[in-house]
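Student: Let's go through this model label by label. I want each term set against its cut-off.

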Amino acid sequence: MATAFLVHTRLSWGKTCDYLIANDVEPGLMHRYETREDWQGVILDALINVPLAPYLPSGQPIPPIGTAKVIGVEAVDPSQIKKNVQRTRSQFIMANIWKKQSALKNYNFLHHDYDKWTQKQIWADIDYWCNSKKHPIIDLITKWRCTRQHQRLRAEEK
């Protein structure tokens, strides 16, 4: 039986979302799953970049990305996964690393080459996870961007 990895995450504003682990992260997690009892340890409590809205068939623009905290992970049969479950991005930081580093160091690793507003959301998320600071204006802008992405998706599907 093939195995997929479903991560349960929490966003900085409290919403929980499930994602499949990124394709290029999956082999490493699979190796741990097959060889170690504590296979979940590498991903539990990790900070991981996730799409906050769907990707478009046209591919552009990419959806807003945020940094979520992994609150659970399970190995599942791929046939049991809902069709609309998206994959995480590849960038993540294990809990035993991000909890010891400054928010700035974590941000420098996770912000990647995303657009300006996604980078602002990633900073807001990391600042929340590291320092418990909320950024309601950035979150509001991101939620608006997600709504806009859903509108684009509906238009492309017509």
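Student: What makes Tyr107 buried or exposed?

Tutor: Tyr107 has a relative accessible area of 14%. Buried means under 20%, exposed over 50%, partly exposed in between, with a 1.4 Å probe and protein chains only. So Tyr107 is buried. Before we go on: this is a predicted model, where local features need pLDDT of at least 70, side-chain atom pairs count only at pLDDT 80 or more, and totals for chains, interfaces and linings use all residues. Residues are numbered from 1 along each chain as its sequence is written, and side-chain values use heavy atoms, leaving out hydrogens and water.

Student: And what is Trp123 called?

Tutor: Its relative accessibility is 30%. That makes Trp123 partly exposed.

Student: Why is the pair Tyr107 and Trp123 called edge-to-face?

Tutor: Rings of Phe, Tyr and Trp (its six-membered ring) pair if their centres lie within 6.5 Å; planes under 30 degrees apart are stacked, over 60 edge-to-face, the rest tilted. The centres of Tyr107 and Trp123 are 5.6 Å apart, and the planes stand at 90 degrees, so the pair is edge-to-face. Tyr107 lies in helix α3 (residues 103-110) and Trp123 in helix α4 (residues 116-131), 16 residues apart. Helices are DSSP runs of H or I with at least four residues, strands runs of E with at least two, numbered from the N terminus.

Student: How many aromatic pairs does the rule give?

Tutor: The count is 5. One of them is Tyr33 with Trp39, edge-to-face at 5.1 Å and 90 degrees. Trp39 is buried at 9%, while Tyr33 is partly exposed at 33%. Ring pairs also bring Phe5 into a cluster with Tyr33 and Trp39.

Student: How do you know that Lys120 sits over the ring of Trp117?

Tutor: The rule asks for NZ of Lys or CZ of Arg within 6 Å of the ring centre and within 35 degrees of the ring normal. The charged end of Lys120 is 5.5 Å from the centre of the Trp117 ring, and it counts as sitting over that ring.

Student: What puts the buried residues of α3 on the same side?

Tutor: In α3, Ala103, Asn106, Tyr107 and Leu110 are buried. They cover an arc of only 100 degrees around the axis, so they share one side of α3. The arc is taken from the directions running from the helix axis to the C-beta atoms. Leu104 and Lys105 are exposed, on the face turned away from the buried side.
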